[in-house]
Amino acid sequence: MITVNGEKLDFTGTVAELLDVLEYNGKRVAVELNENIVPKADYGSTEVSDGDKLEIVRFVGGG
Amino acid sequence: MIPSEKEVYNALAERHGEDLQKKISSATVAVCGIGGLGSNIAIALARAGVGQLHIIDFDRVDISNLNRQQYFAEQVGLYKTDAMTENLHRIAPYCRIVPDCVRLDENNIPELLRNDDIICEAFDSAEAKAVLVNSVFENFPEKYIISGSGMAGLDSANTITTRRVMKRLYICGDGQTDVDDGTGLFSSRVMVCAGHQSNMILRIIAGDFNV
């Protein structure tokens with residue numbers, strides 16, 4: 001089990017795969033894994049493990 | 001007759017308290033994008049007496065900006081950094097304005113933002129917002145970012161909030177309404193979001209990190 005934005009989720013895979021599953025646009029997010037930012041270039045190589053806590057922030061346009 | 005620097009400082013210190021005003025006057029804030037959000041945020045921070053404002057934008061004032069951005073009709077066609085420097089100087093003549101007429105991206109962010117304590121994200125495009133937040137945290141994990149996300153249309157002003165979504169990332173807005181949905185941007189609602197952002201910036205300067 002991992003925790004994404006406070007909600008429990010059964011998932012194994014990379015950050016990029018998690019974004020796909022949750023239907024996030026990878027160009028419009030910032031991802032924190034256990035309180036450290038995940039560099040965008042590392043989404044495909046960063047594995048999410050059991051017990052990990054992620055925050056995914058999605059940005060919308062306008063300003 | 002423009003008041004002296006001492007008179008301006010004393011007027012602020014009298015209202016905000018000397019200790020707090022010292023902190024505000026020595027703060028350096030980068031306002032990234034000086035459109036609807038950033039122009040209002042820069043003005044709020046200048047009025048509070050923030051010592052240095054680093055204003056960054058590549059764009060010129062357009063007639064379509066006048067519905068919500070703090071420029072004057074005769075400034076259409078000017079670079080926003082030039083027009084905003086002039087407007088801020090009229091409000092706060094002793095605030096140090098550092099204008100950078102450039103488009104921020106992954107390549108120039110490390111150099112351009114290294115001296116700013118607090119980073120205010122005030123771009124229009126969702127992708128640009130994400131690039132800024134990611135690049136700043138990848139290069140400067142110790143900095144604070146206050147971002148705006150979701151203030152389009154005319155939904156209730158009460159849906160706009162400040163949330164602390166990461167240790168050093170605060171997001172102001174409703175998190176949902178996207179300008180791409182075609183609902184437009186109104187000065188009133190953009191100013192609510194800009195008010196949230198500038199207020200959180202001042203709270204961080206004051207040493208209070210709770211929303």
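**View 1. Buried residues of helix H7 (187-206) of chain B in a predicted model**. B:Arg189, B:Val190, B:Cys193, B:Ala194, B:Gln197, B:Ser198, B:Met200, B:Ile201, B:Ile204 and B:Ile205 of H7(B) are buried (under 20% relative accessible area, 1.4 Å probe, protein chains only). Helices are DSSP runs of H or I with at least four residues, strands runs of E with at least two, numbered from the N terminus. An α-helix has 3.6 residues a turn, so residues three or four places apart point the same way.

**View 2. Length and end of H7(B)**. The 20 residues should span 28 Å at 1.5 Å a residue, and the end C-alpha atoms are 28 Å apart, which agrees. The expected span is 1.5 Å times one less than the number of residues. B:Gly207 follows the helix, with a positive phi near 95°.

**View 3. The interface of chain A and chain B**. Contact (heavy atoms within 4.5 Å) joins 20 residues of chain A to 29 of chain B. The chains bury about 1,900 Å² between them, 57% of it on carbon and sulfur atoms. This is accessible area (1.4 Å probe) lost on being put together, summed over both parts. A:Phe59, A:Val60 and A:Gly63 supply 34% of the area that chain A buries against chain B, more than any other three residues.

**View 4. A salt bridge between A:Arg28 and B:Asp178**. Their closest N and O atoms are 3.3 Å apart.

Residues are numbered from 1 along each chain as its sequence is written, and chains are lettered from A in the order in which they are written. Local features need pLDDT of at least 70, side-chain atom pairs count only at pLDDT 80 or more, and totals for chains, interfaces and linings use all residues, while side-chain values use heavy atoms, without hydrogens and water.

Methods. Buried area is the accessible area (1.4 Å probe) that two parts lose on being put together, summed over both. A salt bridge is a side-chain nitrogen of Lys or Arg within 4 Å of a carboxyl oxygen of Asp or Glu. Buried means under 20% relative accessible area, exposed over 50%, partly exposed in between (1.4 Å probe, protein chains only).
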